[in-house]
Structure formats: structure tokens, C-alpha cells
Amino acid sequence: MPAPQLSLVADIGASRAADRESRTDRFGLLGAIWHVGEDVDASLGWRRSFGASPAVHTLGAGLTVRW
């Protein structure tokens, strides 16, 4: 059976600096990974912060090559 050529992904999370006084950054991410070939993936994703004022939106793209 051939591998799927497109994967849809979602993630939610939170991060904070080591300083306990810093605020926690919460975020959600939606994206897609196109499996171009056995060793190449191209991806596109959108990240939105929660709790920040104003909300921060980030668009990202990536390329993975395995050898």
C-alpha cells in the first residue's frame, strides 16, 4: 500500500522561559505536510498565540530532506 501523500497536523501547547516570573505563551498550530517523495517533505503551517494582546499570527514553511 502506498504511503499517504498529504498529512494534516494540529498541535496545542505552552512554553515559558526559565525565569518563573515570565508569562506562559499558549499557542495553537495547524498545518499540512506534503510527502513529495520517500526522502523529501514540504510543509506549511499557521500558528496563533492565545492570551497575548494583540493575538500573534505566524505563517511558516519548511522543507525536510533525509539522506
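Modeller: Before we start, a working definition: a residue is called buried under 20% relative accessible area, exposed over 50%, and partly exposed in between. Arg 66, with 35%, is therefore partly exposed. Keep in mind that this is a predicted model.

Colleague: Fine. What does the side chain of Arg 66 meet in a salt bridge?

Modeller: The partner is Asp 41, with an N to O distance of 3.1 Å. Arg 66 sits in the segment after β4 and Asp 41 in strand β3, so the pair ties together parts that are 25 residues apart in sequence.

Colleague: And Asp 41, buried or exposed?

Modeller: Asp 41 counts as buried, because its relative accessibility is 11%.

Colleague: How many salt bridges are there in the whole structure?

Modeller: A search finds two. Besides the Arg 66 and Asp 41 pair, the side chains of Asp 25 and Arg 47 meet at 3.0 Å, N to O. Asp 25 belongs to strand β2 and Arg 47 to strand β3, so this pair links parts that are 22 residues apart in sequence.

Colleague: How accessible are Asp 25 and Arg 47?

Modeller: Asp 25 is partly exposed at 23%, and Arg 47 is partly exposed at 30%.

Colleague: Change of topic. What is the strand order in the sheet?

Modeller: The sheet is open, has four strands and runs β1-β2-β3-β4 with antiparallel pairing. At the edges are β1 (6–15) and β4 (57–65), each pairing on one side only. From one strand to the next, the twist averages 20°.

Colleague: How many bridges do β2 and β3 pair over?

Modeller: There are 11 bridges between β2 (residues 25–37) and β3 (residues 40–50), in the antiparallel sense.

Colleague: What about Ser 49, buried or exposed?

Modeller: Ser 49 is in strand β3 and counts as buried, because its relative accessibility is 7%. Its side chain reaches the backbone nitrogen of Val 56 at 2.9 Å.

Colleague: Now the surface. Which residues form the nonpolar patch?

Modeller: Leu 6, Leu 8, Trp 34 and Val 36 do, with about 450 Å² of accessible area together. The elements giving two or more residues to that patch are β1 and β2.

Colleague: Where is Leu 8, and why does it count as exposed?

Modeller: Leu 8 lies in strand β1. Leu 8 counts as exposed because its relative accessibility is 69%, and the cut-off is over 50%.

Definitions and conventions:
Residues numbered from 1 in each chain as written. Predicted model: local features only at pLDDT ≥ 70, side-chain atom pairs only at ≥ 80, totals over all residues. Heavy atoms only, no water. Pairing = 2+ DSSP bridges. Axes fitted to C-alpha atoms, helices over the stretch in contact; angles between N-to-C directions. Patch = residues over 30% accessible without salt bridge, like charges linked within 9 Å, V, L, I, M, F, W, Y side chains within 5 Å. Areas by Shrake-Rupley, 256 points an atom, 1.4 Å probe, with all protein chains shown as cover. Salt bridge = Lys/Arg side-chain N within 4 Å of Asp/Glu carboxyl O. Buried < 20%, exposed > 50% of the residue type's maximum accessible area, 1.4 Å probe, protein only. Polar contact = N/O pair within 3.5 Å; in protein donor to acceptor, adjacent residues only side chain to side chain.
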